[in-house]
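Hello,

The structure we spoke of follows, with notes on what was found in it below. Please read them alongside the coordinates.

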Amino acid sequence: MSVELTQEVSDRLVFDHYGWLTTVAKSGQPVPRLVWFYFDGSKLTVYSMPRAAKVAHIAAHPQVSLNLDSNGDGGGIIVVGGIAAVEATGVDCREDGPYWAKYREDADRFGLTEAMGSYSTRLVITPTKVWTTPTG
């Protein structure tokens, strides 16, 4: 099941660079992690190190949420709930054209260009629900 996204939500998913991906640990504890993500209009792509806890969490509990920042006043918060899966392993996120076009400058600025080669597990999230707070 997928969800219809408003233009505001779609725009934020395209243009925002940081999100908090929340997975569920074996204990049942929700665990948020700051991630880079790419939205292609229907699904979200996140790259991870293969042994990161979020990969194991998703295998056990595929329900996740991606939370975007507010406008600083508590408005404009966007939370996308969805089903996550490991789509590929042993890949190089720097070879994913759209993803790397979004994050190449950030990786260079933070000195992470070389390190990003170790983010070799591609996670895909299919949105199923969206929660927002008013922007006005």
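Buried means under 20% relative accessible area, exposed over 50%, and partly exposed in between (1.4 Å probe, protein chains only). The model is predicted: local features need pLDDT of at least 70, side-chain atom pairs count only at pLDDT 80 or more, and totals for chains, interfaces and linings use all residues. Residues are numbered from 1 along each chain as its sequence is written, and side-chain values use heavy atoms, with hydrogens and water left out.

Ser 120 is buried, at a relative accessible area of 13%. Ser 120 sits in the loop between helix H3 (97-109) and strand E7 (121-132); helices (H or I, at least four residues) and strands (E, at least two) are DSSP runs, numbered from the N terminus. Beyond neighbours within four places in sequence, the contacts of Ser 120 (heavy atoms within 4.5 Å) are Ser 48, Pro 50, Ala 88, Thr 89, Gly 90 and Val 91.

Five salt bridges turn up in the whole structure, each a side-chain nitrogen of Lys or Arg within 4 Å of a carboxyl oxygen of Asp or Glu. One of them pairs Glu 87 with Arg 122, with the closest N and O atoms 2.7 Å apart. Glu 87 lies in strand E6 (residues 78-89) and Arg 122 in strand E7, so the pair ties together parts 35 residues apart in sequence. Glu 87 is partly exposed at 43% relative accessibility.

Asp 106 and Arg 109 also form a salt bridge (2.6 Å, N to O). Both are in helix H3, three residues and about one helical turn apart. Asp 106 is buried at 7%, whereas Arg 109 is exposed at 56%.

Regards
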